Amino acid sequence: PIPAQHLHRACSPRGFGAVLAMPRRCRPHPRPWACRPWASAAMAVAVEGALLFAGAAGEVAVEAEAPGEPDLAPSWLPQVDLEDLECHRPMEAPVVAWSELRDLFEELALRTLHLQTLRPLPEDQGMTHWRRAMQMDILSRAAVVLVRFQAALMECPLGTVTASLFVLMLANLPADDISIGPLPQPFAMVVEDLARRPFLEHAARDLRLLLDIAPLHVTAAAAWSVFSMLSLYEGRVRWLQPPLPGAADAVGAARLACVGTSIAGIPSEEVLQQLRRHIPFASGKDIIGLKFLRGMDPLVTKVMRDPAEFSEKYMHTCPAGAATFAATAAMLALMSNPSLFERFSHLAHFVLSLHMEEVLAGASTWGVFYALSKLQKFATRAFDLVWSTRELLALPADPAEFDRIRLDGAARAARLNAAASKHEHAPTRQLAAFLATVARHQEQTRQREEVVVYLTAVGGQPFSDHITGFFRRALAVNLPGLIVLCMDTEAHNRCEAAVANESTELILCVFAIEGHVVLIKHAFIPAILSAGVDTVWIDFDTFIFRDPTDDIVHARDNPFRVLPQRERIRYGSFLFENATEMCAVSKICDARQHWHFNISSDFDEDPASATPSDGEVEMLVTEHWDARCLNNGLFYVKATHRPLFFFVLFVRQLYVNPYTDNQNLFDSFLAHSTIDTAAPQSRPILNYALFDIERTFACAEGHRGSMSNLATFHFWSSDFRTRETSEDEEAASSDVVGSSEHGATIRTRDGIQRVAKMRMTKTDLFEAFFGGGAVDGIDFGDVVPFPAVAARFLKQVETPPPRWKGMCSVTAVGIEELVDERLLQGEDDLVDWDHVTKVCDSPDASDIAGSLFLGGSSWVEPAVAAGSSYEDASMPHCRGIPLKAWADAMRIVGDLESASLLRRLDAEVLKAELRHLNVGYLLTIQAFQEYGAERVAAELERAVASERRVEPAGGAGGR
C-alpha cells in the first residue's frame with residue numbers, strides 16, 4: 001500500500017520519480033490501474049446514477065496482488081507496467097470491443113474535421129447522412145459502456161469516459177441531428193434520460209474523472225480523440241453555444257469573453273483574438289507552424305514575465321481564457337522551449353480541475369477543446385506498446401551481485417539457461433536461449449570476460465530490401481551477435497529467410513510489430529541488460545567496415561573524457577559548459593542571463609545507490625557531427641544495475657510523453673546538452689563518454705577517417721544541403737555560386753559562408769554499400785573489402801571538422817534557415833519572414849491546407865507547374881495548378897481504393913484533402929506515379945499516417 005502522504009505524489013503527473021525513491025513496500029502495485037485516484041470518483045458517479053440508466057451502484061474494485069505471486073523486480077529496480085491507455089491489450093469477454101470503438105472515434109474525427117486545422121468541415125447532405133450513421137454506430141457501443149460503467153472503467157478508463165461524454169453530447173443535440181431516422185427504443189431511453197439532467201454538471205463530472213485518469217497532455221495525445229470529439233460538438237450542443245452578437249444575452253457574451261479583465265496589461269478581448277487567429281496554425285510538423293510560433297511567442301512571453309498575476313488573479317477571473325492560454329503556451333513550449341511544456345500543460349490541467357463548470361461555459365467562446373485537440377498534432381507516437389519489467393530475467397536482491405554477473409561466465413550461463421526454459425514470457429525465453437548461444441560462441445573465440453551483443457531494427461523500404469546484404473556484412477566482419485527487431489511481417493519473413501540461407505545461429509529475428517520503433521528499440525534493451533550482457537544499439541542504415549567491438553571496449557576503458565560535467569550554464573532548455581561557450585554558440589553574452597546549473601539526481605543522493613568511480617564509463621554515445629546534441633543511432637550500454645535502472649525508467653518516460661523527441665529525451669536523461677521535463681529527478685546520472693565520430697564511427701554528414709581506420713558509417717546526414725566552410729575553404733574562391741552543385745557556396749543573412757555538401761539519398765546509399773554484395777570490392781588493410789562506389793562516396797564526404805557546434809532542433813525552430821538555404825542555392829530572393837508569417841484576422845482552412853504561407857506567393861506552384869504535364873494556361877486553375885491535375889489525383893486515389901491498395905478510411909481522407917486543395921498530397925501522387933500503383937499507395941499511406949501522428953512501420957532513422 002502507498003502511505004497516505006505519498007498518494008498524491010505517486011499518482012500525479014510528476015509523481016513517478018518520487019515513487020521510485022520509496023521503499024519497495026510503499027510503491028504502487030505494478031499492475032495496470034492499481035494506483036488510481038479516480039476510483040472514489042468513479043464510485044460516486046455510479047452511486048448517484050448520473051450517467052447510468054441501468055445497473056446497480058457499488059464500489060470500484062482495485063486489482064489486488066494474488067497471494068504467493070512471485071515478485072520479479074528487486075527493491076532497487078522500479079517495477080513498471082506500461083498503462084494501456086488506448087486499450088490494445090487482449091481481454092477476456094470485454095465490455096465492448098475497445099479497439100473497434102477507438103477506431104470509430106478516430107474515424108469520426110478524421111472525416112468531420114480538417115486534417116491540418118482540425119476545424120469542423122462544412123457538411124453537404126451526404127456528409128450529414130454519414131455523420132448521423134456514424135453517431136448511431138458509436139452509440140450502439142457507448143450505450144453498453146454506460147450500462148456496465150464500473151466494469152468498463154476498470155477495463156479501459158479513457159475509452160469509458162470518452163464514450164460517456166459522447167452520449168452526453170448526442171443527448172443535447174437537436175433530436176433530428178442524432179440519427180438518420182427515429183432512435184431505437186433502448187437508445188432513445190439513454191438519450192432522453194441524459195437530456196433531462198443538468199448538462200454542465202454532468203459534463204464537468206465526466207471531465208474531472210478524465211483529469212484524474214491521466215495528465216491532460218496524455219489524454220490529448222491518446223487515439224480516443226476525446227478533445228477532437230468535444231471540439232466537433234461544442235458548436236452544436238445548445239448548452240455550449242456562445243450567445244450571438246447583438247442577441248439579448250449580450251451581457252452573457254461579454255462575461256464569457258471576460259470583457260473588462262486583462263493580463264499583463266493586455267485586455268482579454270485582445271488575448272482572445274490572438275488565440276483565435278493563431279491556434280489554427282499550431283503544428284509541430286508543418287511549415288505553417290511558424291505562423292503560430294512567431295504570432296504567439298510575444299504574447300506568451302509578456303504574460304509569463306509575471307506568472308503570479310496569472311495564477312493568483314487571471315485564472316480565477318477568466319478560467320476559460322486561462323485554460324486555453326495555458327494549452328496554447330504548452331504547444332508553443334514544444335516548439336521553442338520543451339523544458340516548459342509540462343509546466344504549462346499542468347497549469348491547464350489545474351485550471352480545468354479547479355474551474356471546470358466555468359471553463360465549460362466559455363469553452364466555445366475561447367475554443368479550449370479546440371486548443372487541446374490541436375495539442376494532439378504535436379504527438380509523435382501512439383500509446384500502443386505492451387511492456388512490463390516482468391519480461392526481464394529474474395534479478396538478485398543485491399545490485400552489487402547483479403553487477404558481478406556480466407563478468408562471471410558460469411553465473412551468467414546458469415541464469416540464461418534457467419530463463420530459456422522457465423521464464424513465463426515466451427519472447428524472453430527465446431532471447432535467453434539466443435544469448436546463451438552467443439555467450440558460448442564468444443567464450444570460445446574471445447579473450448574478454450563480458451559478452452557483447454548488437455541490436456537493430458528493420459522494416460519498410462528501402463530497409464527490408466537490404467536485410468541479406470546487412471547480414472552478410474555482419475557475418476563477414478565476425479560481429480559477435482546480432483538481434484534484429486522486425487517491424488513488419490515482410491521484414492520478419494526476409495530476416496528468417498536470410499538467417500536460414502546463411503546457416504548462422506548468431507542472428508536472431510524478433511517479430512516486433514507492436515509499438516513505434518523508438519519504443520520497441522528502447523524496450524528491448526532492459527531485457528538484454530538484465531541477462532548481464534552488454535548491448536550496442538546500431539541503426540540499420542549503418543555500414544560496418546570491421547567488427548567494432550574492440551574499438552568500443554577501448555573507448556569505454558580509455559575514455560578521452562568522462563561526462564557529464566556537473567557544473568553548467570543553462571539558458572532555456574539548453575546546457576552549456578561555461579559562459580564562453582554559451583556566448584559563442586547562442587550569441588547570448590549578457591552574464592545576467594547566465595543561469596548556473598548543477599547536474600544532480602535524487603537517485604545518486606540515496607545512500608543505498610552504489611555509484612561508479614569517476615573514471616568508470618557506463619555508456620558510450622554519439623554526438624552529431626555539426627551539433628552538440630546526441631544522435632542515438634549508435635550507443636553502447638554496460639550491463640550493470642544503474643544503466644538497467646536508467647533504461648527501465650527511460651522506456652516508461654518515453655511512453656507516457658509522446659510529445660518528446662526520443663533523441664532529445666535521451667540527451668536530457670544523460671544531461672548532455674538539453675533539459676526536458678520528461679526526464680525525472682529520480683534517475684541515475686550515468687557516466688558516459690563520446691564515440692570518436694571524426695575517425696572511427698563516421699556518418700554521411702562528414703568525417704576525417706581513413707578507409708583503414710573507419711569501423712562504422714551511419715547513412716545519417718542533416719536536412720541541410722550545405723555546411724559552414726572551414727577557414728581554408730573560405731579563403732579559396734568557388735567556381736560556382738548560388739547552386740546546389742557540390743562545392744558551390746552561398747552566404748547567409750548573417751554573412752556566414754556555406755558550401756554545398758556531397759549528398760546521396762538513403763536509397764542510393766543502401767544500394768551503393770549493400771546492393772553490390774557488401775563484401776566485394778576494394779581492400780583496405782584489415783578492413784573486409786567493400787564496394788568501390790561506396791569507397792568513392794566516403795572519400796567525397798571527408799570534411800574538415802566544424803568550427804563550432806550549435807544547438808539542435810527537431811521542431812519548426814530552424815526551418816527559416818533551411819528554407820533560406822534552398823532559396824540561396826536557387827539564386828532566389830530571400831523570404832521576408834515577418835511578412836509571410838503574419839496571420840490575417842480570419843485564417844481560412846483551405847488557405848492553410850493549400851499553400852505554405854497565407855498572403856504570399858506559394859513556393860509550391862512553380863515547382864508543380866514546371867514538373868507536371870498540365871501546362872495549358874487556358875485551363876481552369878486552383879492554387880495556380882490546373883484543375884485537371886486535382887481531378888486526376890482524385891481519380892488515382894479512387895483507383896487505388898478500388899484495387900484494395902488503399903484502405904477505405906485513408907482513401908476518404910485523401911479525397912477530402914484533395915477537394916480542399918492540399919498540395920502536399922498532389923505532389924506525392926505526381927512524384928511517385930511513375931513508380932507504379934503500389935508505390936503511390938504506400939507513399940500516400942505514409943503521408944496520411946504522418947498527419948495522423950502514428951507512423952507506419954519502418955527502419956530507425958536519425959535526427
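User: What is the handedness of the crossing where H5 passes H7?

Analyst: Happy to look at this pair in the predicted model. Helix H5 covers residues 125-147 and helix H7 covers residues 157-171. Where H5 passes H7, the crossing is left-handed.

User: How many nonpolar, polar and charged residues does the contact of H5 with H7 have?

Analyst: On the H5 side, the contact is made by Gln135, Ile138, Leu139, Ala142, Val145 and Leu146. H7 brings Thr160, Ala163, Ser164, Phe166, Val167 and Leu170. Sorted by class, that gives 9 nonpolar, 3 polar and no charged residues.

User: At roughly what angle do the axes of H14 and H16 cross, and what is the handedness?

Analyst: Helix H14 spans residues 289-303 and helix H16 spans residues 319-336, with axes that come within 9 Å. The axes cross at roughly 115 degrees. As for the handedness, the crossing of H14 and H16 is left-handed.

User: How many charged residues are in the contact of H14 with H16?

Analyst: H14 contributes Gly289, Phe292, Leu293, Met296, Asp297, Leu299, Val300 and Val303. From H16 come Phe325, Thr328, Ala329, Met331, Leu332, Met335 and Ser336. By class there are 11 nonpolar and 3 polar residues, and the number of charged ones is 1.

User: Is methionine 315 buried or exposed?

Analyst: Methionine 315 sits in helix H15, residues 307-317. A residue counts as buried under 20% relative accessible area. Methionine 315 has 1% relative accessibility, so it is buried.

User: How far apart in space are methionine 315 and leucine 354, C-alpha to C-alpha?

Analyst: Setting aside neighbours within four places in sequence, methionine 315 is in contact with Phe310, Ala322, Phe350, Val351, Leu354 and His355. Leucine 354 is 39 residues away from methionine 315 in sequence. In space, their C-alpha distance is 9.5 Å.

User: And for the whole chain, what percentage of the residues is buried?

Analyst: The chain has 42 helices and 22 strands. Of the 959 residues in the chain, the buried share is 57%.

User: What share of the contacts with a separation of 6 or more joins residues 24 or more positions apart?

Analyst: This share is taken over contacts in the chain with a separation of 6 or more. Residues 24 or more positions apart account for 75%.

How values were computed:
Residues numbered from 1 in each chain as written. Predicted model: local features only at pLDDT ≥ 70, side-chain atom pairs only at ≥ 80, totals over all residues. Heavy atoms only, no water. Axes fitted to C-alpha atoms, helices over the stretch in contact; angles between N-to-C directions. Helix = DSSP H or I, 4+ residues; strand = E, 2+ residues; numbered from the N terminus. Left-handed = near helix turned anticlockwise from the far one by under 90°. Contact = heavy atoms within 4.5 Å. Nonpolar A, V, L, I, M, F, W, Y, C, P; charged D, E, K, R; others polar. Buried < 20%, exposed > 50% of the residue type's maximum accessible area, 1.4 Å probe, protein only.
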